[in-house]
Amino acid sequence: MLTPSLEDYLEEIYRFSLSLGSVRVTDISNRLKVALPSVTKALYKLRDESYINYERYGEIKLTDKGKEIGNYLVTRYQLLQEFLDLICSRCDFAAEAEAMEHYLSTATINAIKTFVEFMKTNPTWKQAYNDFITSKDGLR
């Protein structure tokens with residue numbers, strides 16, 4: 001099982017893999033604002049769990065397992081941001097999603113996904129909710 005920290009590393013590796021041909025230790029270090037030795041240590045753990053292929057000073061390549069989980073992590077993060085927007089939260093969506101993502105169960109993530117899908121396919125409900133929020137805000 002991945003720790004929240006290792007999830008962050010895998011998520012960033014996956015993001016980089018979508019836009020770059022190869023991922024380097026310095027890319028991850030800069031993005032996550034962590035020291036190079038910390039990145040290397042995490043990479044060895046991810047390699048040992050078969051999420052990546054990596055040799056010291058070499059390229060970092062996701063395995064099929066790493067791609068699958070990386071995609072899930074990025075999708076989960078985006079879903080939480082969408083949910084926060086949908087419920088009209090007045091927060092930094094990115095920071096709040098980052099705080100939430102590691103501590104919600106799969107069952108809760110699935111429930112949020114279902115709720116977001118429901119609201120997208122039922123615009124009248126979404127509008128009614130938005131109207132309710134607007135009226136509540138007007139009462140404060």
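**Close-up views of a predicted model**

View 1. Helices are DSSP runs (H or I, at least four residues) numbered from the N terminus. Within α2, the buried residues are V25, D27, I28 and S29. Just after this helix, K33 adopts a positive phi of about 55 degrees. The model is predicted, with local features needing pLDDT of at least 70 and side-chain atom pairs pLDDT 80 or more, whereas totals for chains, interfaces and linings use all residues. Residues are numbered from 1 along each chain as its sequence is written, and side-chain values use heavy atoms, without hydrogens and water.

**View 2. The largest nonpolar core.** A nonpolar core is a set of buried Ala, Val, Leu, Ile, Met, Phe, Trp, Tyr and Cys residues joined through side-chain atoms within 4.5 Å. Of the 21 residues in this core, L10, I13, I28, L43, L46, I52 and I60 touch the most other members. At least two residues each come from α1 (4–19), α2 (25–32), α3 (36–48) and α4 (64–86), and α1 gives the largest share, 6 residues.

**View 3. Contacts of L43.** Leaving aside residues up to four places away in sequence, L43 touches I13, V25, I28, I52, Y54 and I60.

**View 4. The second core.** A separate core of 12 residues has L80, F83, L86 and M100 among its members.

Note on methods
Buried means under 20% relative accessible area, exposed over 50%, partly exposed in between (1.4 Å probe, protein chains only). Contact means heavy atoms within 4.5 Å.
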